[in-house]
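Student: I would like to learn how to read a few features of a model. Can we take them one by one?

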Amino acid sequence: MNMSLNQVGRWVSSRYIGPVAMSLALMVLVVSELGFYRLMAIGDDREASVDLQMTVGGMRSALLAMESAERGYMLTGRLDYLQPYRDQERSLIEMVQLAEAATVQNPLHRDALLELVELARRKYSEMQTVLELYDRGDREAAIDLTLTDMGRELMDQVGEVSDRIIRQETAHYTSTSYQRDQVLRWSRAGIWVLVILCLGGAVALMRLGRHLEQQRRVYMLQLHAERDRLDEEVVRRTEEVIELARHMERVREDERARLARELHDELGGLLTAAKLDLARIRKRIRDETGEKQRLVEHLGQSLDAGIALKRRIIEDLRPSSLSNLGLRHTLQIQCKEFAQRSELPVDVQVDEVTLSPERALAVYRLVQEALTNIAKYANAHRVTVSLRRDRDHVQVTVQDDGQGFDPAAVKPSGSHGLQGMRFRIRSCGGDVTIRSAPGEGTTVEARLPL
């Protein structure tokens, strides 16, 4: 039968291998048990045959011994000759009872056994009559009865029936010996066949196991290779995402810088021109009541507020102090302005560190986003902002004592500010950690390389 190992593997892994294995094991057990019980039955049959032959032979021997003892007693008149008769008498009675019991257990010889029992009883009765005549003193009558052919004919019939039963049982015993040998041969052959099948199955399973192990190793090697490839792909894609995040951040900052320049140049120029025009108008107005002057003053205040708003928007879009004054002073100014707007005390602890413009801007935006979130959601009473140098890293911390939140419960779709913090810092080679709990405030901590 030509089957590939893969086909064998599919067959072995199918639902039939379990029942087949159980069937082979049960067949070994069944063959062994059937052979055992069959041998037990044959052994019992052989034992019964031997018992029957011993019973028949014992009955015949007892009768012969009793007859011999009877004649010795009649010839000598000595009682010691009569003792063997009495001993065999008990044996004869026992054998007769066994023969009668055998008629029930052995229907095949029932008629012969009944005939043998009847003959034995008649012979026993004849010997008892002879002894009674002899003991009464009628020696002649006892001798005449002994010399008749009745006793000899009875013994001949006993011998004939006994021989017939013994011959039949001997033949039966011989046939059971043949049956026993046949059962032994067939049981042994069946067990050998089943064992060979089991061994063949075991060898096939071992070979299949080795083949499957080789396949598993090949699969594991392929899996490791694929995992390494995926790891490389993940690293590559991560680098691409980080680079894209950096590019998007640069684009956004460039757009903010462009918008800040346009606001400064265009809107600043318009507001400045309006301020100058208002100054010329104020000089030419003649107002005895002062109403027009008040309107002009209000308009001037509105222009000043617009110019201040323009400056604040420009600073938010592109902080000029970051490039002019450095990160330390810029953060101090940022925290001071936040404290003025939000009326919250801000504790500022900033070390003098030197960062690249990109990373300095990332720190500034991180603090800006964190302060904005505090103003919107924290309901805090005090804020701490720190910038510390730790060997070759810089650590930025923004902490408040507000109501806090559960970071695990925040949905990604509703936490763009937090995600923006992480992407901005990670694009610079750092990482952000946010620790918070309801009622315990919030701590935003970033760590970047110098």
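**Salt bridges, patches and cysteines**

Tutor: R217 counts as exposed, at 52% relative accessibility. Keep in mind that this is a predicted model.

Student: Which residue forms a salt bridge with R217?

Tutor: The general idea comes first. Side chains of opposite charge can pair when their charged atoms come close. Here R217 pairs with E213, and the closest N and O atoms are 3.4 Å apart. E213 is partly exposed, at 28% relative accessibility.

Student: How many residues apart are R217 and E213 in helix α6?

Tutor: They are 4 residues apart in helix α6 (residues 150–284), so about one helical turn separates them.

Student: Where do D390 and R447, another salt bridge pair, lie in the chain?

Tutor: The closest N and O atoms of D390 and R447 are 3.1 Å apart. This pair links distant parts of the chain: D390 is in strand β2 (residues 383–390) and R447 in strand β5 (residues 442–449), 57 residues apart. D390 is partly exposed at 34% relative accessible area, and R447 is partly exposed at 33%.

Student: How many salt bridges does a search of the whole structure find?

Tutor: The search finds 18. R180 and D181 form a salt bridge through their side chains, at 3.7 Å from N to O. Salt bridges also link E67, K123 and E126 in a network.

Student: Which residues gather in a patch of negative charge on the surface?

Tutor: Patch members must have over 30% relative accessible area and no salt bridge. D44, D45, E47 and D51 gather in such a negative patch. D51 lies in helix α2 (residues 17–76) and is partly exposed, at 39% relative accessibility.

Student: Which residues form a nonpolar patch on the surface?

Tutor: F36, Y37 and M40 do, with about 340 Å² of accessible area together. F36 is also found in helix α2. F36 has a relative accessible area of 44%, so F36 is partly exposed.

Student: How many disulfides are counted?

Tutor: A disulfide needs two cysteine sulfur atoms within 2.5 Å. The count here is 0.

Student: How far apart are Q403 and E440 in sequence and in space?

Tutor: Compare the two separations. Q403 and E440 are 37 residues apart in sequence, and their C-alpha atoms are 6.2 Å apart in space. Q403 sits in the loop between β3 (393–400) and α11 (416–426).

How values were computed. Residues numbered from 1 in each chain as written. Predicted model: local features only at pLDDT ≥ 70, side-chain atom pairs only at ≥ 80, totals over all residues. Heavy atoms only, no water. Patch = residues over 30% accessible without salt bridge, like charges linked within 9 Å, V, L, I, M, F, W, Y side chains within 5 Å. Areas by Shrake-Rupley, 256 points an atom, 1.4 Å probe, with all protein chains shown as cover. Salt bridge = Lys/Arg side-chain N within 4 Å of Asp/Glu carboxyl O. Lys, Arg positive; Asp, Glu negative; His and termini not counted. Charge placed at Lys NZ, Arg CZ, Asp CG, Glu CD. Helix = DSSP H or I, 4+ residues; strand = E, 2+ residues; numbered from the N terminus. Buried < 20%, exposed > 50% of the residue type's maximum accessible area, 1.4 Å probe, protein only.
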